[in-house]
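I opened this entry to record what I looked up in the structure, beginning with the term I would need for single residues.

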Amino acid sequence: MGTRWVWGIGAVLAVLGGVVLLATREGGRPSPAQSVVARPASPAGSAPVSLVEVVAGDVPIHVEASGRVASTREAVLSAKVQGTIETLAVREGSVVAAGQTLLTLDNRHIRAQLAAADAEVENARDRLARMERLFAEDSVARQELENAQRAYKVAAATKEGLAVQLSDTVVTAPFAGVVTEKRVEVGELTSPGLPLLKIEDVTRLRLEATVAESDLKAISVNDKVPVLVDALGPEPLQGVVTRVLPTGDPATHTFLVKADLPPARGLKSGMFGRLRFQHGTARTLLVPQGAVVSRGGLTGVYVVGADKAARLRFIKLGRSFDGRVEAVSGLTAGEKVLADGALGRDGEPVTAR
C-alpha cells in the first residue's frame with residue numbers, strides 16, 4: 001500500500017511539471033492570468049493621459065509692505081486756555097459737522113473781564129471825544145489829546161484780547177468727520193495744549209506702509225497698487241501712491257509710503273493692510289496647478305520617467321501664477337509630470353497622449 005501511495009504522488013507531480021513545461025514553450029510569454037497578477041490594470045494605464053514638461057519661466061517678484069489704514073485728515077483738538085470742562089456734546093463714534101461745537105470750558109470769569117473791558121472802552125471813547133473837542137477849541141494841549149488816544153487804543157485791545165479768550169473756551173470741529181478719541185470728561189480741568197478729542201475724516205482713508213530701502217526704487221508716486229486688507233476678504237483694493245516720504249528710519253532702513261484707498265464697505269481707520277508691488281522678475285520652475293496633489297498634508301506631482309511609470313514625488317511649492325505654481329524644490333527642468341494629478345497611481349504605467 002505504501003508503494004502505491006508513492007507512485008500516486010509521483011504521477012501528480014509529473015502532470016504539474018508538464019503544465020509548467022507547456023507554458024514555458026509557448027514563446028516564453030506569461031499567460032493572461034500571470035500578467036494580471038504581475039501588474040493589475042489601473043485608470044492611469046487603461047487610457048492615454050496628458051503629460052506636461054516642467055519648464056523654467058520668468059515670473060514677477062511681488063513685494064508686500066505691511067502697514068495700517070489711517071485717515072488722510074485727522075486732528076487732535078486741545079484747548080488754548082486753562083479751564084474746567086463745562087459741557088461735552090460728543091463721544092467716541094459721534095459724527096460731527098464742520099464748525100460744530102464739541103465742548104465748552106467754564107468761561108464766567110472771562111465774560112466778567114470782558115464786561116469790564118467793554119466799559120473801559122466806552123469811557124475811553126467818551127474821554128477821547130471830549131479831548132478832541134477841547135483840542136479843537138484850543139483848550140487843551142496836544143499831549144492831553146494823545147494820552148486820550150493811547151488810552152482808547154489800550155482799552156480796545158484789552159477788550160479784543162478777552163473776546164479771543166472767550167472764543168477759545170469753545171472747541172469746534174475743524175472739518176466734518178467722526179470722533180475717534182475722547183480723553184476728558186465734564187468737570188475735569190484742562191490746560192493749554194492738553195489733548196481733548198481726536199477727529200478723523202473717515203470718508204478719505206489711506207494705507208501707510210513701511211517699505212524697505214532696497215525695494216523703494218520699485219515704487220513711485222501715482223503708481224496704482226493693490227492693497228490687501230485682511231478684514232475685508234481676499235479681494236484687493238485699488239490704491240494709488242500719493243506720497244513717499246523723503247526720509248527714512250535709520251534704525252530699520254525703511255521708508256513710509258502712503259497710498260490713498262477708494263471707499264469700501266467695512267473699511268475703517270486702524271485696520272491692518274498690505275501694499276503689494278512688483279520688483280523685477282525671477283526665473284523659476286513652473287508646473288500646472290492641476291498636476292499638484294495633496295497627500296497627508298504634503299504636496300507632490302506624478303513624475304513619468306524613462307520606464308513610463310508614474311511616480312509620486314513630493315515637492316515644495318511657492319507662489320501661484322495664473323493656473324501655474326512655482327516648484328521651489330523637488331523637480332528639475334525637462335521632467336514630465338501628469339497634467340492631471342488626480343489620475344496618477346504611484347508606480348503604475350501610463351500611456352502618453
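I took a residue as buried when its relative accessible area is under 20%, as exposed when it is over 50%, and as partly exposed in between. The model is predicted, and I read every value below with that in mind.

D138 sits in the loop between α4 and α5, and its phi is near 60°, a positive value in a residue other than glycine. I noted beside this that most residues other than glycine have a negative phi.

I then checked N222, whose phi is near 80°, again positive in a residue other than glycine. N222 belongs to the loop between β11 (205-212) and β12 (224-229), and at 59% relative accessibility N222 counts as exposed.

Next I turned to the helices on either side of the D138 loop. How do the axes of α4 and α5 cross? The axes of α4 (residues 108-136) and α5 (residues 142-168) come within 8 Å and cross at roughly 160°, which means that α4 is roughly antiparallel to α5. The crossing of the two helices is left-handed, and the residues of their contact divide into 17 nonpolar, five polar and nine charged.

Last, I looked at the chain as a whole, which has five helices and 21 strands. Of its 353 residues, 31% are buried, and the chain exposes about 21,100 Å², with carbon and sulfur atoms supplying 56% of that area. Among contacts between residues at least 6 apart in sequence, I noted that 72% join residues at least 24 apart.

Technical notes: Residues are numbered from 1 along each chain as its sequence is written. This is a predicted model: local features need pLDDT of at least 70, side-chain atom pairs count only at pLDDT 80 or more; totals for chains, interfaces and linings use all residues. Side-chain values use heavy atoms; hydrogens and water are left out. Axes are lines fitted to C-alpha atoms, for helices over the stretch in contact, and angles run from 0 to 180 degrees between N-to-C directions. Helices (H or I, at least four residues) and strands (E, at least two) are DSSP runs, numbered from the N terminus. Angles under 35 degrees count as roughly parallel, over 145 as roughly antiparallel, 65 to 115 as roughly perpendicular and the rest as oblique. A crossing is left-handed if the near helix is turned anticlockwise from the far one by less than a right angle, and right-handed if clockwise. Ala, Val, Leu, Ile, Met, Phe, Trp, Tyr, Cys and Pro count as nonpolar, Asp, Glu, Lys and Arg as charged, and the others, Gly among them, as polar. Buried means under 20% relative accessible area, exposed over 50%, partly exposed in between (1.4 Å probe, protein chains only). Contact means heavy atoms within 4.5 Å. Accessible areas come from the Shrake-Rupley method with a 1.4 Å probe; for residues, only the protein chains shown count as cover.
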